[in-house]
Amino acid sequence: MSLYLRFKQWRDRAKENWNEGQVKRSIFRVGIPNTDRKRVLVVLGNVFLHLHPTKVRSSSVRLRFTWCAGGLSFFLFLVLTLTGVLLMFYYRPTVENAYTDMKDMANVVPFGIMREMHRWGAHAMVIMVMLHMFRVFMTGSYKPPREFNWVIGVILLVLTFLLSFTGYLLPWDQLAIWAITVGSNMAKATPVAGVAGPFSEFLRIGGVPLIHPGDDARFILIGAKELGGITLNRFYVLHCVGIPLAAATLMAMHFWRIRKDGGISGPL
Amino acid sequence: MLDTIKHLIDILATPWLSFTLTIVLCFVALRLRWVWTKWFLALVLLGVTAFLWIGFNDPYAGLILKKADNAPIVIMLYTFPLFLWIAMIQAVQNDKRMEEGGAPEEKSLSDQKTWVWPDLVYIEFIAVILCTVALVVWSLTVPAPLERPANPGNTPNPSKAPWYFLGLQEMLVYFDPWYAGVVLPCIIILGLCAIPYVDVNVKAQGYFSFKERRLAIGTFFFGFYVLWIFLIITGTILRGPGWNFFGPFEEWTPHKVVALNNVNLSEFVWIKLFYNKLYAATGIEWFGQGLPDVQSKLPWEDLGNFGRCLKREFPGLVALGFYYLVLPGLLAKTRCRKLYQQLGWARYSVVILLFLTMFTMPLKMYLRWIVNLKYFVATPWINF
Ligand code: HEM
């Protein structure tokens, strides 16, 4: 037998083994979804696809209705999670290392566009979430029964800003600390709870002020009287763990509610 | 020729002028159907491109527009008009269909169902691929910025917040930080959350429309496009050292001095209107004595001091009281009568208070531009 034929025989047998075998069946239960039954099963059996129902209203699959803005917000969140994890391999959140690690990432690390992907992806996500909110408003999709999902969306919008805001500090360059200084100085002006805020001087016991730079709202936000290593660490933890967990949880609720509220909205 | 155009744009960009133009254009455009055509969109996008092209080649505007972190602004200059148009053209078409007695375009499809596999999955797949390609190309071509190492002793001028907060930073020109930086953002968040609960027009959902939702869409437009997007763009492109205004093609010199002659309402009333006039009329010296001095003591520790403050700020307190307490009632009886009847008192109160809070922004902006107003109420403890 010629070598070629033998190869062909081996290939066919391998294909057959793969197609009939335990390994494939354990991963892909349904096979090519070429019948309606299989289309249902493939969506139901896959954890990612089962975020969708098996069929959706024809008017709401169209690009011109959703602009894919919600879906792409979620996708960008995933991209940011992935690139963020890669960045964490190289980045140390200390005043000594943060800046130089950033420099190394650009100059030394091979395939060094993770920082770019992460930064531009973050800008893109903010814009995408804003567009998504605009779309939901313009189609009146916040109306009953979807009121609460709109509220969850508003919280997601705030979390998206906070994610971006806490990440802004991490390069520890001039841009970072001064942007965060501008932002965190606002906390100083919180009524009652900030040292420079209205009425905080009213809170005093026997002449001793209760609200001072060592315990006011800004202190709670940045963890110190001035922006420093503590702030960096605090923002790092919030940026990499706290807020992403909160956002992921709320996204799960958001998606679940879309299903429970009758799918993406359409005319009543 | 080019210099004339640049000069013209610089003039048009003056805060009061560009703000007014944006409001007028937004609201005129909403009412005119012929605006929402392909040609008009093409014209706007062409205009944006021309501005960017001139800007990128200009020594001063180039500095701002080419800054890597300002890319979102450049993207927004394209995407926001584009998606506004995409929403409005569908709304206008649906309005027309419904005027002719038909149903919105979405209705023809909303009773049918489409398989998620393969139809929706393919759409998502393609969207994800395009998004990834765009992001990778962006990342390969524009390096992420890294400025000098952090130095708390060296304050850059201007110091700007991240771009999406620049609308609030812009508000700091007109309000104290407790309001612009803390209370106003909280009210905005709560106000957004309240939208679904105060909009009683529950039928117009699941399709684009304008005619049925004029008030809702008009308000959202004002908040979203004018008070947010527009102010972000202003904050990025038009604010230079000392947070002074600079036209897009002007050089950012740190030496620009803007005379600060802002006047509080109390001073305005007591000095400019009353005391001087009375003094001129009567010649009695007592009227010319000026405003009482108020110290920053706790109110209950020096009641006289507190009383003098109340007296001085009386006009502002009356104005604010009128604005927040009387005006809602008056409006319910007059201009907003229909709204009041539709919403009932509870929803109406929420809506009107949110409206009035939103309008503190343009109100204070215009009063600053026209009469240099600083505060309605200025006390040692709180200013508004
Ligand atoms: C991280 C942010 C967000 C993600 C990942 C997200 C994701 C999604 C997705 C995938 C959908 C399905 C339909 C579509 O793509 O348009 C959706 C629908 C929806 N979203 Fe969001 N969203 C986010 C933020 C928001 C915000 C800021 C709002 C509003 C303030 C909002 C309100 C809604 C509502 C009411 C729906 C139902 C729309 C309908 O039934 O037509 N979401 N969201």
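I take a salt bridge as a side-chain nitrogen of Lys or Arg within 4 Å of a carboxyl oxygen of Asp or Glu. By that rule I find four salt bridges across the interface of chain A and chain B. I looked up one of them: the side chains of A:Arg64 and B:Glu105 meet at 3.5 Å, N to O.

Notes on the source. I am working on a predicted model, where local features need pLDDT of at least 70, side-chain atom pairs count only at pLDDT 80 or more, and totals for chains, interfaces and linings use all residues. Residues are numbered from 1 along each chain as its sequence is written, chains are lettered from A and ligands numbered from 1 in the order in which they are written, and side-chain values use heavy atoms, with hydrogens and water left out.

Interface, continued. I counted polar contacts (N or O atoms within 3.5 Å; within protein, one able to donate a hydrogen and the other to accept it, with sequence neighbours counted only if both atoms are side-chain atoms). The interface of chain A and chain B has 36 residue pairs in polar contact, both at pLDDT 80 or more. On the side of chain A that touches chain B, H8(A) gives the largest share, 16 residues. Helices here are DSSP runs (H or I, at least four residues), and strands are too (E, at least two), numbered from the N terminus. Contact (heavy atoms within 4.5 Å) takes 85 residues from chain A and 97 residues from chain B. I note a buried area of about 8,800 Å², 74% of it from carbon and sulfur atoms. That is accessible area (1.4 Å probe) lost on putting the two parts together, summed over both.

S1 of chain A (residues 55–57) pairs with S1 of chain B (residues 113–115), antiparallel, over three bridges. Pairing requires at least two DSSP bridges. I see A:Lys55 opposite B:Trp115.

Ligand. I list 26 residues around the ligand, with A:His132, A:Arg135, A:Gly153, A:His254 and A:Ser265 coming nearest. Around means a heavy atom within 4 Å. A polar side-chain atom of A:Arg135 lies 2.8 Å from a ligand oxygen. For A:Arg146 the distance to a ligand oxygen is 3.0 Å. A:His254 puts a polar side-chain atom 2.8 Å from a ligand nitrogen. H6, H8, H9 and H12 of chain A each supply at least two shell residues.

Backbone. I found a cis peptide bond from B:Trp117 to B:Pro118, omega near 10°. B:Pro118 lies in H7 of chain B. The bond from B:Asn157 to B:Pro158 is also cis, omega near 0°.
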